[in-house]
Amino acid sequence: WILSTDRAAAQRLTTTGRNTSPVWSHDGRTVYFASDRDGETDIWRRPADLSSAAEKVLEADGAEFPTSISGDGRWLVYSRRAPGNSDVGRVSLTDDDPAPEILVDSDGDESGASLSPDGRFVCFQSDETGQWDIHVLEIATGRRWVVSSVDGFSPFWTRDGARIMYMSGSESFMSVDVRTDPEFYAASNPQCSLVDLSEEFTFGYAPVVSYLMGRGPFDSAEI
């Protein structure tokens with residue numbers, strides 16, 4: 001469903017299959033989502049104004065769930081789930097015949113990835129250490145950092161790129177100050193955050209706003 005905050009009215013975006021994990025495009029005109037309408041869970045998209053039917057964006061091995069779109073609209077980052085494992089990948093939204101690229105592939109589970117505003121880094125949750133931590137990957141070099149001090153999941157970058165927000169096991173939002181230029185830096189003392197998430201999380205989408213809040217790494221909402 002898409003809720004218009006101006007009209008307090010909702011439109012149903014999907015009617016076929018199980019549809020989850022909605023993500024807005026960079027310009028707010030398109031919604032990307034996971035759907036099993038063809039029997040396998042793949043990534044689809046549809047214009048937010050319902051002007052045309054949904055079309056498939058990515059079909060690959062395992063199940064794919066979109067998590068983030070780059071600020072320039074060139075890249076879609078997604079979670080790939082196979083039996084016993086979950087990884088982070090990306091696919092071009094501008095190439096005619098894009099090939100998916102796995103960014104993080106380990107023995108642990110990685111998911112919930114969010115691109116930095118400059119598109120050079122991605123933060124995600126991983127249980128590679130035995131608990132859910134928040135990691136940051138520099139896409140060009142493959143370098144990784146752990147930025148959470150306790151367990152964390154569902155991370156996202158703020159609009160200005162100065163903070164990474166995430167949920168902790170105590171169900172509170174944590175905030176860690178970061179810098180991506182000229183080198184990546186993360187403060188060593190994440191803080192419990194009381195910021196207005198409507199100011200931090202949405203950009204370029206008004207007057208249509210969509211929020212997803214989950215209690216665990218794989219919770220999602222039907223759309």
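**Close-up views of salt bridges and a nonpolar core**

**View 1. Glu-101 and Arg-90 join their side chains in a salt bridge, 3.0 Å from N to O.** A salt bridge here is a side-chain nitrogen of Lys or Arg within 4 Å of a carboxyl oxygen of Asp or Glu. The pair links distant parts of the chain, with Glu-101 in strand β10 (residues 101-104) and Arg-90 in strand β9 (residues 85-92), eleven residues apart. Strands are DSSP runs (E, at least two residues), numbered from the N terminus. Arg-90 counts as buried at 15% relative accessibility, while Glu-101, at 34%, counts as partly exposed. Buried means under 20% relative accessible area, exposed over 50%, and partly exposed in between (1.4 Å probe, protein chains only).

This is a predicted model, where local features need pLDDT of at least 70 and side-chain atom pairs count only at pLDDT 80 or more, but totals for chains, interfaces and linings use all residues. Residues are numbered from 1 along each chain as its sequence is written, and side-chain values use heavy atoms, leaving out hydrogens and water.

**View 2. Glu-138 meets Arg-120 in a salt bridge (3.9 Å, N to O).** Glu-138 sits in strand β13 and Arg-120 in the loop between β11 (110-115) and β12, 18 residues apart. Both belong to a network of salt bridges that also links Asp-118, Arg-143 and Glu-183.

**View 3. The largest nonpolar core has 13 residues.** Such a core is a set of buried Ala, Val, Leu, Ile, Met, Phe, Trp, Tyr and Cys residues joined through side-chain atoms within 4.5 Å. Among those with the most contacts inside this core are Trp-157, Ile-164 and Phe-184. Its largest share, three residues, comes from β17.

Notes
Helix = DSSP H or I, 4+ residues; strand = E, 2+ residues; numbered from the N terminus.
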